[in-house]
Amino acid sequence: MNKMRFGALLLNAKNQLGLYLSHRVVLALPEDGCPQALSQAEFAANRVFAFQAVAYPFAESLLKALQSKQIFHNNKETTKFLLDLPENVKGNDLYMHIKQKYNVELEDFSIRVPKSDKKTNPEQWSRHMQDYDYQNEFLKKFEAEKKLYKRPNILVCGYTGSGKTSLIQAMLGEDLVPSEAIGVGQPKTMGYDCYENNMVRIFDSRGLELGETEEEFLDQTKSFLRERQADLNNVDEHIHLVWYTIQGSGARVTKCDLELIKNIFSEQNVLIAFTKADLMRNSQRESMKQVLLEAGIDTDRIFFTSDIEGGSQGCMELMHKSLEMLPEAYKDAFIEAQRLALELRIRAVYDKAKKAKSIIATATAAAGGIGATPIPLSDAALLIPIQVTMIASLAALYGLREEAVKQAALPFLAKVAGIFAATSLLKLLPVLGSAVNAAVAASITGAMGLYVKNNFEQYALAKVKGEPTPEFSFNAELFKQFFNEYEKKSLN
Amino acid sequence: MSHDLYNSLCQEMLLDLCYRLGLAEEQFCLLSDTLLAAMSIGELEDKQKAIELMAAYSQSLQIIYADFLLLIEGQSLLFPPVPALWQWNEPRAEEIFSATAEKLYSIAEAMECKLRIKLAEKEPRT
């Protein structure tokens, strides 16, 4: 906690007394003469009387003295008034008198330099800004931020032709799997294909192919899993969920299926999907399910799915169960990745508002720090690095894709950088005057954050709904509204 | 003492309050980091530290507010109580802790705003 407040009684190495007026000024109380305003460095206080007990009455006295227009002719009069001393106290007895009167001890004292002061050297920043490549910085920060959003790894495993790829498409959309991966009468997946986007990574397992034994299939799956889970510390690379597919029509549950489900995958992360279930008779469904139940597999991990015209059957249940089983950190990304429950995805976009608010609040606080010492308007561009970081974090939060970043976010950022040129900013926000202080710097950044968040949210919602994504344009009038609203909110 | 001297001392004190709010903001940043860690990782040590930091931040603001009232008219303010350790076990623990931190931060923001306005009154923009 900061041990400083108005009127705190300071003592330096020469046993001189002074009153704390600010982090820059001490009112020194010399033996003779009137109180003198000295800089903290000149006075060099190293001890303070327990500030809570004595500071408040001293500060009150000081203000009373200032307001009373009373004239003090010498130090004796001043100290007597300020410290409420009896007539007979001499300069050397001050320490003892205060100690007795307030029952307080001296404590070590030093003035701290706030970190933000280091940031508020406009000259240094101006030099820095000349070399600042905001586009590159943005891309670097965007890449770094993207890594913070975890995506689940899902292994889709099963015999060749068991409908793995179709299941992936039904669950996660057709654009995830390239169309050449789907064929008829041919093994559709060779080895382990990896399909990924910003939200999910799918490993489409090699199926059991002609000429291959079940043992080889088991070994291969086992070594794939071992490889993925090898680095115990890097759980992001582990397989978080397995969808095990069994072709429903005309097939059966083999020993190899049971071995994989029971002994190779973990019970906590495998779900079984009978695909092409529309072609199964009821009795067939029951008997296949029975085999799994007898092997000790819970009924709520068994699903019958089919990809028929008019929508996929059973996939919604599989999606909900998958969501339930995924570790917490990966759930958000999965909600975004799945293509079955639109309302869940829309809600997920709106839920990002809280996190967005905290990103904006962090940037606003940092901007306030820069403006703690008012900076000339011509140096308002000092705020750009903070805003670049904020926009990159928001872009990553709202899942902007690389191409959207390059096509839309970067030109948008150029516009933002442009308006921070002094003349544009002044034209846009004539309330600024000639300097930007902490409150204004914070308001500009806060308003910019809300404005960008609004744009990115609209973009994410359009993506979810499959509508054309809006262009990021900079609407000066709208930004002004955000700025005014933000300022009004801060003042209240 | 002259009106000018009174004004410049008051201005100095207003700037000092801004400075102290700046220091308190560093405390808030540390508090936010720790709260985030406590919420995401859930270690008892982080939870305890978050409470300590929140109490320290609240106390700093209370001292600043007491000095603030010497210079700017205002009412005495009821600071939100710092939640206790057991409240981490409440079903809405994250909301409770975030709301308290946010409330404290908004008090700091409001103080800073008023200080800036007061400073601007004393030194009219050119």
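Tutor: Happy to! Of the contacts in chain A that link residues at least 6 apart in sequence, 72% connect residues at least 24 apart. Please keep in mind that this is a predicted model. Chain A has 492 residues, of which 41% are buried, and its secondary structure comprises 19 helices and 16 strands.

Now to the strands, beginning with the sheet that has mixed pairing. Six strands of chain A make up this open sheet, and their order across it is 8-9-7-10-11-12. At its edges are strand 8 (193–196) and strand 12 (302–304) of chain A, each with pairing on one side only. Direction ignored, neighbouring strands here are turned by 20 degrees against each other on average.

For a parallel pair within this sheet, look at strand 7 (residues 153–158) and strand 9 (residues 201–204) of chain A, which are joined by four bridges.

Helix 12 (residues 315–325) of chain A lies across strand 10 (241–247), strand 11 (270–275) and strand 12 of chain A. Relative to strand 11 of chain A, helix 12 of chain A runs at about 170 degrees.

Chain A has another open sheet of six strands, ordered 4-3-2-1-5-6, and here the pairing is antiparallel. Its edge strands are strand 4 (36–39) and strand 6 (106–108) of chain A. From one strand to the next, the twist in this sheet averages 40 degrees. Within it, strand 1 (residues 9–12) and strand 5 (residues 45–49) of chain A are antiparallel partners over three bridges. Across that pair, A:Val48 in strand 5 of chain A sits opposite A:Leu10.

As for where to be careful, the average pLDDT of chain A is 75, and 71% of its residues score at least 70. Residues 114–125 of chain A have a pLDDT below 50, although the model gives this stretch 19 contacts beyond near neighbours in sequence. Residues 183–190 of chain A are also below 50, with 15 such contacts in the model.

Methods. Residues are numbered from 1 along each chain as its sequence is written. Chains are lettered from A and ligands numbered from 1 in the order in which they are written. This is a predicted model: local features need pLDDT of at least 70, side-chain atom pairs count only at pLDDT 80 or more; totals for chains, interfaces and linings use all residues. pLDDT is the predictor's confidence in each residue, from 0 to 100. Two residues are in contact if their C-beta atoms, placed from the backbone, lie within 7 Å. Helices (H or I, at least four residues) and strands (E, at least two) are DSSP runs, numbered from the N terminus. A residue is buried if 20 or more other C-beta atoms lie within 10 Å of its own, exposed if 12 or fewer, and partly exposed in between; C-beta atoms are placed from the backbone. Two strands pair if DSSP finds at least two bridges between them. Axes are lines fitted to C-alpha atoms, for helices over the stretch in contact, and angles run from 0 to 180 degrees between N-to-C directions.
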